[in-house]
Amino acid sequence: MGNSISLAGYTFVVEETKEISGEDLGLLQEKLLQLNWGVQHPASGPMRLKVWVDGDEVVKVDPDIGYVLRLLEKLVEYRTWQNAIVNVERACFIDNFGTMTGYSIAAEKIADVELPKKADYVRTILCEGGRIVSHLIGLGSFVGVMGVHTPMQWALIAREKFLDAFEVYSGQRIATASIVPGGVRFEPTGKFIEKMVSAVDFLEKEFIPRYAEVFIDNPTLKIRSQGIGVVPKEKAIELGLAGPALRASGVASDVRKDYPYAAYGELDFKVVTKEEGDAYARYLVIWEELIESAKIIRQAIEGLPEGEWRTKFPIKVPAGEAYVNVEWARGCFGFHLVSDGGTGPYRLKMRAPSFANLWAMPEMMKNVKLADVPVIFASLYMCHGDIDR
Amino acid sequence: MEAKDALKIPFEATKKVIRVTKALFAPKATEIWWDKGIKRELHYRGKHIINAELCIGCSMCARACPVNCIDMVPTGVKKPRAVPKVRANECIFCGLCEDACPTKPEKAIKLTDHYSMILEDVTWDKLTEYTFEPENLDEALEKAKKMEELLEKKKQEALKKKQQAQQAKAKAEAGKEKPLAEKKPQQEGKPQKETKGEE
């Protein structure tokens, strides 16, 4: 009565010989304990994991989401083509440029608008800036869930330089609303480029060597995270993992390389992959992508062409639809945009990478120790705003 | 309590008094930032400034606003028929209203680098009443009224001139009726021939 496990009709094999299901589970309350990991847990963010433990071993994990649901997809239907970006960017505030770029490319595809080259390059610079900002928080929070909060502080110092650059560019630090269908909203001034270069300089000369000395190849960190949450290559594809988590399992999948958008086709960079597929490999993928992104920004700034940065986007867009994938900081972000010939989108469906990673997580958390739950959770590198939308 | 400890009490008390008085005259650990007049960057998106003299009342900003926080307040004048009023409590400072404003070269609605928006004794009613309104609305309205008067005067003058001209023409036509009557049939005759050819 009132037992959520029996209501859901799950069956568990607690002992090898004895299968227990349904009402009998109530008798096992002493043995099987349901823990709420979250909503108030410092590492979980605004979501809850129902964790059933048998002693110290996790039997089953059930994510409970929806605490930050904002109906972004529905809200977009009430906007015009231009100002829908404020809803799209709020999918996740940490890397807001990737989502805005994806939406804008989809809208431009429907309207058949050609972009000036400068807009593509500025988008690339901003997207990579957003990726760095996001990866810095990912690195910091991964070590943070193990109880060491120093790397988070170091990462925030480096992140602050990039936020300063974004502020010079768009006027806001986080919700920048700077990429619109038809280009980018502001001119990339010399001061912005200067700030961006100084931020990348700080990242490459101060942050990366200092951080690498302490928190990369760290023996304590390795003991804690190596061999935990292992996903082999075939299973990663089967589960539908996305982003750094997929690349850590040895699948070289990167939309920037496979289907280049913005100016990625003209820039030289490599896709970071690892073979191990455990939590430490995912951490290292984030780390190496950070270094790679800094190189991309330098290349894009060097190759920044002159000219216009914004073209005219029609108020009414002809009927049609487009599906666009962009490589967001947390993986492949899909936008299915439909137009019915009106002044705004008819429907927008966002395919979120964090959501895909979340539902792969219960599979990875079977038969692990309870203390490994936060480590696997943080290594999957998810964003709650992205999960709920 | 021993005698030694009892002797220490006045000594420590004076120490504390000295420390407190020192702290009173020491420089502040925290700064009152809104007095400093810190300048933000070029595109900083802060408080709105609405220039009623430049505004043409097209309500493009109200349409561009993603959160519908801009109301168009009717002015009673013709030229800016309505002037935007921004509900500051709901504004998300995205700056899309500035993008949409069609006035050139200077925009009628602008986001400035003033970011100090402090309300004292805040209640919900006060917050909802907090708006950014056009600063020079009265002057602009006076100007607009004057302009309207001027325009009306000009119109009336123009009307008078027209009437005079018509009267003059009528007089002139009365004098030259015969030559006009000869020309007219010739002009009308040409198109008639063309239409016949087409048929």
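**Close-up views of a predicted two-chain model**

**View 1. Contact between the two domains of chain A.** In chain A, 13 residues of domain 1 are in contact with 16 residues of domain 2, contact being defined as C-beta atoms, placed from the backbone, that lie within 7 Å. On the domain 1 side, strand S4 (48-54) and strand S5 (57-64) of chain A each supply at least two residues, and S5(A) gives the most, with five. Helices (H or I, at least four residues) and strands (E, at least two) are DSSP runs numbered from the N terminus. By class, this side of domain 1 has nine nonpolar, one polar and three charged residues; Ala, Val, Leu, Ile, Met, Phe, Trp, Tyr, Cys and Pro count as nonpolar, Asp, Glu, Lys and Arg as charged, and the others, Gly among them, as polar. Domain 1 comprises 4-64 and domain 2 comprises 72-388, with bounds from an automatic or database domain assignment. Their centres, taken over C-alpha atoms, are separated by 34 Å.

The model is predicted: local features need pLDDT of at least 70 and side-chain atom pairs count only at pLDDT 80 or more, whereas totals for chains, interfaces and linings use all residues. Residues are numbered from 1 along each chain as its sequence is written, while chains are lettered from A and ligands numbered from 1 in the order in which they are written.

**View 2. The largest nonpolar core.** This core has 132 residues, of which Ile85(A), Tyr103(A), Met361(A), Ile376(A) and Cys97(B) touch the most other members. Helix H5 (residues 117-144) of chain A gives the most to the core, with 13 residues. At least three residues come from each of domain 1 and domain 2 of chain A. A nonpolar core is a set of buried Ala, Val, Leu, Ile, Met, Phe, Trp, Tyr and Cys residues joined through C-beta atoms within 7 Å. A residue is buried if 20 or more other C-beta atoms lie within 10 Å of its own, exposed if 12 or fewer, and partly exposed in between. Beyond its neighbours within four places in sequence, Cys97(B) is in contact with Cys61(B), Ala64(B), Cys65(B), Ile70(B) and Ile109(B).

**View 3. Helix H13 of chain A.** The 12 residues of H13(A) (residues 353-364) should span 16 Å at 1.5 Å a residue, and the end C-alpha atoms are 17 Å apart, which agrees. The expected span is 1.5 Å times one less than the number of residues. Buried residues of H13(A) include Pro353(A), Leu358(A), Met361(A) and Met364(A).

**View 4. Two loop residues of chain A with positive phi.** Although not a glycine, Asp112(A) has a positive phi of about 60 degrees; its loop lies between helix H4 (96-111) and H5 of chain A. Asp217(A), also not a glycine, has a positive phi of about 65 degrees and lies in the loop between helix H7 (190-215) and helix H8 (219-225) of chain A. Asp112(A) is exposed, with 10 C-beta neighbours inside 10 Å, and Asp217(A) is exposed with 10 other C-beta atoms within 10 Å.

View 5. Three strands of chain B form an open antiparallel sheet in the order S2-S3-S5. Strand S2 (70-74) and strand S5 (131-132) stand at the edges with a single partner strand each, so one side of each is left without a neighbour in the sheet. S2(B) and strand S3 (residues 82-87) pair over five bridges, where pairing requires at least two DSSP bridges; Asp71(B) has Lys85(B) as its bridge partner in S3(B). Elsewhere in chain B, the peptide bond from Lys104(B) to Pro105(B) is cis, with omega near -5 degrees.
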